[in-house]
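Here is my note on the model, point by point. Please read it with the structure open.

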Amino acid sequence: PLHPLQAKPVPKSLRASRKKACEPEVASSLIKKIFSHYVKMPVARDAFKIVEKCSERYFQQLSSDLEAYSNHAGRKTVEMADLEVLMRRQGLVTDKMPLRVLIERYLPLEYRKLLIPVAVSGNKVIPCK
Amino acid sequence: RRRRMKRTAPRSTLRKIIKKHKPQLRLAANSDLLEAWLFYFTFKQERPGLAMVHLNFLLFLHRLAEEARTNAFASKSKIIKPEHTIAAAKVI
């Protein structure tokens, strides 16, 4: 009965170390899906790896940009305004392309409902302009 | 009409990623600044900031995809190759 007991600990420690090395990142399958949805043409497997790497770099950049914006405003919390300013600088939000249109175009209904108010029951429109 | 794409955002992952890079940074749960319509958030316990980060990420991937496709067309390639995405990433 000693042999199976001795055999076990090795893979277990391996597994533990692998789990620790796992970094938080967007699932590659999701990146793949979104990217191929937008390119609309076949993509080589190596190219997807590049896209993943780019995404990682993108989040690094995004985090430090958001930090800079909120620090500049003397806050420790990222707020919507920071994100809008960021998107303006990225050239995504312009006078011709307001944030609202981007939200409507890219986000699914449940998020749209979060970000863009709609008329609610009781003849109340949130918010009233 | 067109293929369905999974549209929900991996919200906890997004939060973790930002946490990884900037541990001290916090994402606003609800921000009622800026424009009147934003105050709708106060009625919801969601984090629109994360939805916004997701939106930004989608737009980033969209740009990258467009750029890579342009590169592929320019080199008369039928598929997107690594070099097309690398060149696209440099532009963006």
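**Helix packing, interface and pocket**

1. α3(A) and α4(A) are roughly perpendicular to each other (65 to 115 degrees counts as such). The angle between helix α3 (residues 28-39) of chain A and helix α4 (residues 45-72) of chain A is about 105°, and their axes lie 10 Å apart. Axes are lines fitted to C-alpha atoms over the stretch in contact, with angles from 0 to 180 degrees between N-to-C directions. Helices are DSSP runs of H or I, at least four residues, numbered from the N terminus.

2. This is a predicted model: local features need pLDDT of at least 70, side-chain atom pairs count only at pLDDT 80 or more, and totals for chains, interfaces and linings use all residues. Residues are numbered from 1 along each chain, chains are lettered from A, and side-chain values use heavy atoms, without hydrogens and water.

3. On the α3(A) side, the contact (heavy atoms within 4.5 Å) involves S28(A), I31(A), K32(A), F35(A) and S36(A). From α4(A) come F48(A), V51(A), E52(A) and S55(A).

4. Chain A puts 62 residues in contact with 65 residues of chain B. The two chains bury about 6300 Å² between them, 75% of it on carbon and sulfur atoms. Buried area is the accessible area (1.4 Å probe) lost on being put together, summed over both parts. In chain A, Y38(A), M80(A) and L114(A) lose the most area to chain B, together 11% of what that side buries.

5. Which helix gives the most to the lining of the largest pocket? α4(A) does, with ten residues.

Definitions and conventions:
Helix = DSSP H or I, 4+ residues; strand = E, 2+ residues; numbered from the N terminus. Parallel < 35°, antiparallel > 145°, perpendicular 65-115°, else oblique.
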